[in-house]
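Open the model and keep the sequence beside it. The paragraphs below walk through it from one end of the chain, then into the core.

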Amino acid sequence: MPDALLLLPDFLLIAAGWVLCRHTPLDRKVWDGVERLVYFVLFPALLFQAIARNPLQPGTALPLLACGWAVIGSGIALSYALRRAPGVDPRLHASGAQTAFRFNSYVALALAERVAGAPGLAWTALLVSVCVPVCNVAAVWPLARHGGQGYLRELVRNPLILATVGGLLFNLLGLRLPELAATTLARIGAAALPLGLMAVGAGLQMGALREGPGLAAGLLAIRHLVLPALAIGLVIASGLPPAQQAIVVAFAALPTASSAYVLAIRMGGHGGYVAGLVTVSTLLAMAGLPAALAVLRALA
């Protein structure tokens, strides 16, 4: 499949969720249950299994990791800074800030081997393992603060954070899941992406983006313009090998995580607004990700 079409199945799943929720008996009540299932069971299983199964060797790829952390850290700082912009609705910002720095792990892993072969898959798995915990903690902070919830209390109760921390500890301790457990978790996790994307479609309210168009434009610009441009500059300046350069730039140009919608809903945020951001981000990445790689090839 051409890189430009890699995200088309994700967009079609979002569209399927929208159609099912509005034009079949599988109405909003059904999708409320699906969102809870994804949030409390499927996504945690996906995160734990993805992190626990890939042995971490950060010492062998420190320059690569430094670039990945710099990209994520910049996205977090810039998205948080948007809260101070004139006219920004605090609830919309608390809900949507995460879309500027979170990323779709499934797309990252699916694309990695196409970009840099078998080593690319290992490098991407390492980036995902060390960046997902940072992204999840940073995503919870604005929602917890806006909702008046205790931040530490939300961290220790959040299933996505518990799953990522558990996966990291499991990995760092050198433990390995028995084959039966690994297979079971893999199958549970495999349901997370399609159901999560369909839940985004079911909650989609594109009109909700009109409640904060400037904020939406800012968040999407960070995700799809600033971070890829920053990544291109970083990998060239740091002198990473060409294959690792491509991995970091592809990582920076990914669409935002579909679980951003589920997190916003479950923590009392504006789900419709985040669903709109996830949908537009997926569309932008269909063109933006191949374009970012093309710019890297032209400059490197």
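Begin with F11. Leaving aside neighbours within four places in sequence, F11 is in contact with T279, T282 and L283. Contact here means heavy atoms within 4.5 Å. F11 belongs to helix α1, residues 8–23. Helices are DSSP runs of H or I, at least four residues long, numbered from the N terminus. F11 and M286 are 275 residues apart along the chain, yet their C-alpha atoms are separated by 9.5 Å. F11 counts as partly exposed, at 25% relative accessibility. On this scale buried means under 20% relative accessible area, exposed means over 50%, and partly exposed lies in between (1.4 Å probe, protein chains only).

A word on the source. This is a predicted model, in which local features need pLDDT of at least 70 and side-chain atom pairs count only at pLDDT 80 or more, while totals for chains, interfaces and linings use all residues. Residues are numbered from 1 along each chain as its sequence is written, and side-chain values use heavy atoms, with hydrogens and water left out.

Now look at helix α13, residues 271–299. Its 29 residues reach 39 Å from first C-alpha to last, close to the 42 Å expected at 1.5 Å a residue. The expected span is 1.5 Å times one less than the number of residues. A kink of about 40° is centred on A285. Such a bend is the angle between axes fitted to the seven residues ending at a position and the seven starting there.

α10 bends by about 40° at I222. Just after α10, G239 takes a positive phi of about 70°.

Helix α5 reads otherwise. It has 42 residues, but its end C-alpha atoms are only 27 Å apart, short of the 62 Å that a straight helix would reach. Where does α5 bend? It bends by about 140° at A116, and a proline, P119, follows within four residues. At the N-terminal end, N104 caps α5, with a side-chain oxygen 3.1 Å from the backbone nitrogen of V107. S105 is in α5. It is buried, with a relative accessible area of 18%. Beyond four places in sequence, S105 touches V128 and V132.

Next comes the core. The largest nonpolar core has 97 residues, and those with the most contacts inside it are F103, V249 and Y273. The largest share of this core, 17 residues, comes from α5, residues 105–146. A nonpolar core is a set of buried Ala, Val, Leu, Ile, Met, Phe, Trp, Tyr and Cys residues joined through side-chain atoms within 4.5 Å.

A disulfide requires two cysteine sulfur atoms within 2.5 Å. A search of the whole structure finds zero disulfides. C67 is in no disulfide either, and its nearest cysteine sulfur, that of C131, is 11 Å away. C67 is buried at 4% relative accessible area, and C135 is buried at 2%.

A polar atom of the S79 side chain lies 3.0 Å from the backbone oxygen of I76. Setting aside neighbours within four places, S79 is in contact with H93, A97, A100, F101, L219 and I222. I222 is also where α10 bends.

A208 is in the loop between α9 (192–202) and α10. A208 touches H270, G272 and Y273, not counting residues up to four places away. A208 and V274 are 66 residues apart in sequence and 8.7 Å apart in space, C-alpha to C-alpha.

Last, find V34 in helix α2, residues 28–52.

How values were computed
Helices (H or I, at least four residues) and strands (E, at least two) are DSSP runs, numbered from the N terminus. A polar contact is a pair of N or O atoms within 3.5 Å; within protein, one must be able to donate a hydrogen and the other to accept it, and residues adjacent in sequence count only if both atoms are side-chain atoms.
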